[in-house]
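Welcome! Here is a short tour of one protein model, meant for someone meeting it for the first time. Take a look at the structure, then read on.

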Amino acid sequence: MTTTVSALDVYSAYPHSDLIDIVPPVRGMSAKQFLKTIDQGLFGDTLFLFILREVADMDGEREEVVRALCRARDDLTAVIEASKDQPFICPRCGSPLDGQGHCIAAVCSYEG
Ligand SMILES: [Zn+2]
């Protein structure tokens, strides 16, 4: 395994990359070189573009790429987890909700 991540490595690993409307990178092409072949302003798959830009920013340096993408994954996970959270306050009576999103007030029947 080489010490750099190429554009083809990213393209090959990215799920459903064959559905992206681009000419695939050739073997040995860096992310920086590949980005020059893409109209980034019109490019539809922004996650793929983000990954390519991260790899290009790190000059494909494998360890740095892995570190940067893990950081991005952790940031994404934090946003996903925060998005899953139930509201903490009952919208009907203002009492706290339990872990299932049910109101804890005995007189309120709100169930999330
Ligand atoms: Zn309530």
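A residue is called buried here if 20 or more other C-beta atoms lie within 10 Å of its own, exposed if 12 or fewer, and partly exposed in between. Tyr11 has 20 other C-beta atoms within 10 Å, so it counts as buried. Please keep in mind that this is a predicted model.

**Overall shape**

- The protein has 4 helices and 0 strands, and its pattern along the sequence reads α-α-α-α.
- The radius of gyration of the protein is 22 Å, whereas a compact globule of 112 residues would have one near 13 Å.
- Along its principal axes, the C-alpha trace of the protein spans about 70 × 30 × 20 Å.
- Of the 112 residues, 13% count as buried.
- Looking at contacts between residues at least 6 apart in sequence, 30% join residues at least 24 apart.

**The nonpolar core**

- In soluble globular proteins, nonpolar side chains tend to be buried together.
- Which residues make up the largest nonpolar core here? There are 11 residues in it: Val5, Ala7, Val10, Tyr11, Ala31, Phe34, Ile51, Leu52, Val55, Ala56 and Val65.
- Two or more residues of this core come from each of α1 (7-13), α2 (31-36) and α3 (46-57).
- The largest share, 4 residues, is given by α3.
- Val55, one of the core residues, touches Val5, Val10, Ala31, Gly60 and Val65, leaving aside residues up to four places away in sequence.

**A closer look at helix α3**

- Helix α3 has 12 residues and reaches 16 Å from its first C-alpha to its last, close to the 16 Å expected at 1.5 Å a residue.
- The buried residues of α3 are Ile51, Leu52, Val55 and Ala56.
- Why do these buried residues line one face of the helix? Seen down the axis of α3, they fall within an arc of 135°, so they line one face.

**Tyr11 and its surroundings**

- Tyr11 lies in helix α1 and belongs to the largest nonpolar core.
- Not counting residues up to four places away in sequence, Tyr11 touches Ser17, Pro24 and Pro25.
- Tyr11 and Val26 are 15 residues apart in sequence, and their C-alpha atoms are 10.0 Å apart in space.

- Most residues other than glycine have a negative phi.
- Where does His16 sit? Its place is in the loop between α1 and α2, and it has a positive phi of about 60° although it is not a glycine.
- Is His16 buried or exposed? His16 has 8 other C-beta atoms within 10 Å, so it is exposed.
- Asp59 counts as partly exposed because it has 13 C-beta neighbours inside 10 Å.

Definitions and conventions. Residues are numbered from 1 along each chain as its sequence is written. This is a predicted model: local features need pLDDT of at least 70, side-chain atom pairs count only at pLDDT 80 or more; totals for chains, interfaces and linings use all residues. The radius of gyration is taken over C-alpha atoms; the globule rule is 2.2 Å times the number of residues to the power 0.38. Two residues are in contact if their C-beta atoms, placed from the backbone, lie within 7 Å. A nonpolar core is a set of buried Ala, Val, Leu, Ile, Met, Phe, Trp, Tyr and Cys residues joined through C-beta atoms within 7 Å. The expected span of a helix is 1.5 Å times one less than its number of residues. The arc is that of the directions from the helix axis to the C-beta atoms.
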